[in-house]
2 protein chains.
Amino acid sequence: MVYVVGHKNPDTDSICSAIAYAELKKKLGVDAKPARLGDVNPETAFVLEKFGFEVPELIEDGEGKKLILVDHSDKAQSVDNIDKAEIVEIIDHHKIGDITTPNPIFFLAMPVGCTATVVKLLYDYYNVEIPKEIAGLLLSAILSDTVIFKSATTTDKDIKAAEELARIAGIADINTFGVQLKSKLSDVEKLTAEE
Amino acid sequence: MVYVVGHKNPDTDSICSAIAYAELKKKLGVDAKPARLGDVNPETAFVLEKFGFEVPELIEDGEGKKLILVDHSDKAQSVDNIDKAEIVEIIDHHKIGDITTPNPIFFLAMPVGCTATVVKLLYDYYNVEIPKEIAGLLLSAILSDTVIFKSATTTDKDIKAAEELARIAGIADINTFGVQLKSKLSDVEKLTAEE
Ligand SMILES: [Mn+2]
Ligand SMILES: [Mn+2]
Ligand SMILES: [Mn+2]
Ligand SMILES: [Mn+2]
C-alpha cells in the first residue's frame, strides 16, 4: 500500500490533490490511500464536507512507508523520517526541492498555479474519467491556490482545468463558489482576531 | 536562447535526446539548441552520421546560460557552474538527483530505460509529428541505453516507443540495427585494448 500525501501544515491543494491522485492511482490498479500531515483548515473542511469526503488519515512518521508526495518536493515540508520512507512518485508545482531518491521514479513538476491542475492533466493523460466529486475537490484546490485566478502563479492551464472541472462538478458560477470557499479561511481569521 | 544538454561524458542518449528535445521545443515555439558537455563516443558519431546530424555545440561553463537538462538531474554530472545557470526544464529517467531550482519548472522523470523514451512520449503528448531522422536518433538512444532491450531497466514503454520509432525511421530490423550500433563501441574498445 502506498500513501499519497501533501506537505505539513496542509492547505486545500495538499489534501484535495492527495485524495484525487490516490483515486487515479486506484483506478490504474495501484493500492493507494490519501493521507495528511496535520489538521485540515476550515476551508479544506468545508470542501471535504461539500463533496462528501472523509478527512484523510493522519500520518506522523515516514519510516518504512511507501509514499507518493504531492504539492512539495522539499524534505523540510515532508513527513518526519522522510529519509526512511520509500518515495515512489512526486507530483508538484513548486520550485524543485531537495528530495533525492536511490532509484528512478515518476517525478512530474509543472510551473502552474496548483498541484490539482497537474492531477487533472494526469487523469486526462491516462484517459480516466474524473468522478463528479473528485472534480469538485480539484476545482476547490485550484481556486484556493490561485486565489480565484488572481495569484501571480496562475496560468492558462489552471483556468482551463478549473473550467472543465466546474462543468464536471456541476458548479455553474466558479467565481461565486471561489468567494464562498475563500471566505471560510477569512471568517476564522476574523473570529480568531476578535477573540 | 536555451541550450538542451545531457550529462558529462555524454552517451548516445544524452546527445540524441538533447537534439530531439531541442527540435520539439523549436516546434513548440521555443528558441532551443542542443549542446554537449564532452566528446561524442564512436557509437554516437555513427548515429549522428547515419541520420544526418552535426555534432552539437560544446559548452563548458553554465554561467549565465538558460539550460534544459536531459538524461541527468545531478549537479556533479552537469555543466561546470551549474549553480550560476538558469535551469528551465529537466527531462530524465534516472534516480532524482540533487539539483534544486529557485522557481517552479517543468521536471519530468520517468522510471524507464532511456530519456529518449520520455522525449518520444512528449512528442506524442504535444501531438507533434516526429521527423524521420529524429526518430532514428531516438531509436538509437533506446537501443544504446537498454542494450537492445536486455538491460534490467528496460520497460514496456521503451519497447513500444522503439517499435514506433523504427517504423517512422524506416528501420525494418531493430535487432540487426541494434547490434550494428552497439558494435561501434566494442570495436573501439577492442582496438584500444589491442593497441
Ligand atoms: Mn500547498
Ligand atoms: Mn499547491
Ligand atoms: Mn546517459
Ligand atoms: Mn539515459
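Start with helices H3 and H5 of chain A, where H3(A) passes H5(A) in a left-handed crossing. Bear in mind as you click along that this is a predicted model.

To set up the view, select residues 115-125 of chain A for H3 and residues 156-169 of chain A for H5. The two axes come within 9 Å and cross at roughly 65 degrees. Now show side chains: on H3(A), pick A:Thr117, A:Lys120, A:Leu121 and A:Asp124. Their partners on H5(A) are A:Lys157, A:Asp158, A:Ala161, A:Glu164 and A:Leu165. Colour this contact by class and you will find five charged residues, three nonpolar and one polar.

Next, bring both chains into view. Chain A superposes on chain B by a rotation of 180 degrees with 0.0 Å of shift along the axis, at an RMSD of 0.0 Å. The two copies are therefore related as by a two-fold rotation axis. To find that axis from chain A, select A:Leu108, whose C-alpha comes closest to it among the residues of the chain, at 2.4 Å. Both copies use the same surface, as 100% of the contact residues of chain A recur in chain B.

Last stop: the manganese ion (ligand 3). Select B:His7, B:Asp11 and B:Asp71, which coordinate the ion through NE2 of the histidine and OD of each aspartate, at 2.1 to 2.2 Å. Along the sequence, these donor residues follow the spacing H-x3-D-x59-D. Switch to a surface view to compare two of them: B:His7 is buried, with a relative accessible area of 9%, while B:Asp11 is partly exposed, at 21%.

Terms used: Residues are numbered from 1 along each chain as its sequence is written. Chains are lettered from A and ligands numbered from 1 in the order in which they are written. This is a predicted model: local features need pLDDT of at least 70, side-chain atom pairs count only at pLDDT 80 or more; totals for chains, interfaces and linings use all residues. Side-chain values use heavy atoms; hydrogens and water are left out. Copies are superposed by least squares on the C-alpha atoms of residues with pLDDT of at least 70 in both. Contact means heavy atoms within 4.5 Å. Axes are lines fitted to C-alpha atoms, for helices over the stretch in contact, and angles run from 0 to 180 degrees between N-to-C directions. Helices (H or I, at least four residues) and strands (E, at least two) are DSSP runs, numbered from the N terminus. A crossing is left-handed if the near helix is turned anticlockwise from the far one by less than a right angle, and right-handed if clockwise. Ala, Val, Leu, Ile, Met, Phe, Trp, Tyr, Cys and Pro count as nonpolar, Asp, Glu, Lys and Arg as charged, and the others, Gly among them, as polar. Donors are N, O and S atoms within 2.8 Å of the metal (3.2 Å for Na, K and Ca); water is not among the atoms, so sites may look incomplete. Buried means under 20% relative accessible area, exposed over 50%, partly exposed in between (1.4 Å probe, protein chains only).
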